[in-house]
Amino acid sequence: MNLLVALDVLIRRQSVSLAAEELHLSQSAMSNSLSRLRDYFQDDLLTQVGRKMVLTHHAQQLEQPVRDILVLIEASLMLVPGFDPTTSVREFKICVSDYTLYTLVPYVLEVANEQKSSVKLNFLPQVGDPKKELDRSEADLLIIPSIFCSDDHPSEPLHEDEFRCVVWSHSHLALGDMTIEKFLSAGHICMQPPNSNPSFETYSFEKAGIHRNIQIRAFSFSCLPSLLIGTDRIATLQNTLVKKAISQGLALTSMAPPVELPRLQEHMQWHKYQNADLGMIWLREVFKEAVKRLLSD
């Protein structure tokens with residue numbers, strides 16, 4: 001079992017020293033583990049190419065099966081007879097966009113607090129491939145658009161949101177409806193996730209063949225409303241986020257986009273081995289109750 005853990009980390013970090021650091025072992029102990037693994041598999045697993053260590057073909061083939069074994073063992077250990085959120089100190093790792101963090105998570109914390117929950121919630125940014133976060137057990141729950149969900153793991157609809165074009169209320173763009181001519185001639189502000197898929201609205205515009213004049217890119221949805229103030233630019237944002245920004249006093253005008261965009265369908269997704277995990281079931285119910293409160297406000 002210890003060698004499986006070592007192999008998993010060696011494959012992921014592709015470095016003896018980094019793997020040793022992550023597992024809190026000496027470099028000589030990790031080198032010894034690698035030597036034993038090489039003997040067992042009759043393969044180098046990691047080979048030196050220039051200044052870097054790279055995976056052999058056999059190591060690449062082992063990556064997913066080894067990760068699945070470890071995730072299955074971890075999930076099995078969580079299958080306790082009961083789960084009590086008032087006494088559990090378990091930590092849940094939840095990947096969310098800052099849109100979800102800004103609009104929905106406050107209600108999640110409210111619901112958990114009312115239940116006197118003692119669990120720990122670790123909200124992680126979506127900066128990579130969400131599926132890999134689940135596969136590697138680096139996240140317990142994803143809150144992502146349905147189009148980005150993996151077919152390998154179960155998911156459940158959480159809520160929907162529509163998109164609105166938003167401008168500074170004192171901009172000439174705030175006069176009248178948002179026509180396609182105004183939309184295409186104006187500069188735009190958009191959110192670009194770091195090292196990840198394009199944002200959903202960018203994906204939708206590209207699919208519709210609409211090419212915006214994007215002048216400002218930022219890594220956060222929640223900052224975009226304030227970046228519009230004092231400018232003649234447009235941001236296309238989730239309506240829930242727009243309403244919250246306006247309620248907080250920002251001088252913004254919201255209007256329908258000049259082209260029909262699909263509604264944002266947010267899903268929850270979790271690892272297939274955690275389907276019967278009582279803690280995960282509780283967490284998903286907390287999110288569903290939080291959505292009810294978000295939509296009722």
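**View 1. Helix α9 and its neighbours.** The buried residues of α9 pack against β5 (141-145), β7, α8 (180-185), β8, β10 and β12 (264-270). Here, contact means heavy atoms within 4.5 Å, and buried means under 20% relative accessible area, with exposed over 50% and partly exposed in between (1.4 Å probe, protein chains only). On α9, the buried residues are Phe-200, Glu-201, Thr-202, Ser-204 and Phe-205. Helices (H or I, at least four residues) and strands (E, at least two) are DSSP runs, numbered from the N terminus.

A word on the model: it is predicted, so local features need pLDDT of at least 70 and side-chain atom pairs count only at pLDDT 80 or more, while totals for chains, interfaces and linings use all residues. Residues are numbered from 1 along each chain as its sequence is written, and side-chain values use heavy atoms, leaving out hydrogens and water.

**View 2. The whole protein, for orientation.** Let's step back for a moment: the protein has twelve helices and twelve strands. Its C-alpha trace spans about 75 × 50 × 30 Å along the principal axes. Of its 297 residues, 44% count as buried. Among contacts with a separation of 6 or more, 76% come from residues 24 or more positions apart.

**View 3. The largest nonpolar core.** This core has 30 residues, and Val-167, Met-178, Phe-183, Ile-234 and Leu-237 have the most contacts inside it. Two or more residues each come from α5 (98-103), β7 (163-168), β8 (187-191), α9 (200-207), α10 (224-228), β10 (233-238), α11 (239-247) and β11 (252-255). Strand β7 gives the largest share, four residues. A nonpolar core is a set of buried Ala, Val, Leu, Ile, Met, Phe, Trp, Tyr and Cys residues joined through side-chain atoms within 4.5 Å.

View 4. Leaving aside residues up to four places away in sequence, Met-178 touches Cys-165, Val-167, Leu-173, Phe-183, Ile-234, Met-255, Ala-256 and Pro-258.

**View 5. Helix α6, one face at a time.** In α6 (residues 105-114), Val-105, Tyr-107, Val-108, Val-111 and Ala-112 are buried. Seen down the helix axis, these buried residues fall within an arc of 155 degrees, so they line one face of α6; the arc is that of the directions from the axis to the C-beta atoms. Their packing partners are α5, β4 (120-125) and α12 (278-296). On the face turned away from the buried side, you will find the exposed residues Asn-113 and Glu-114. Lys-116 follows α6 and has a positive phi, near 55 degrees.

**View 6. Asn-275 in its loop.** Asn-275 sits in the loop between β12 and α12. With a relative accessible area of 41%, Asn-275 is partly exposed. Beyond residues up to four places away in sequence, Asn-275 touches Pro-154, Trp-270, Ile-281 and Arg-284. The C-alpha atoms of Asn-275 and Ser-155 are separated by 9.8 Å, although these residues are 120 residues apart along the chain.
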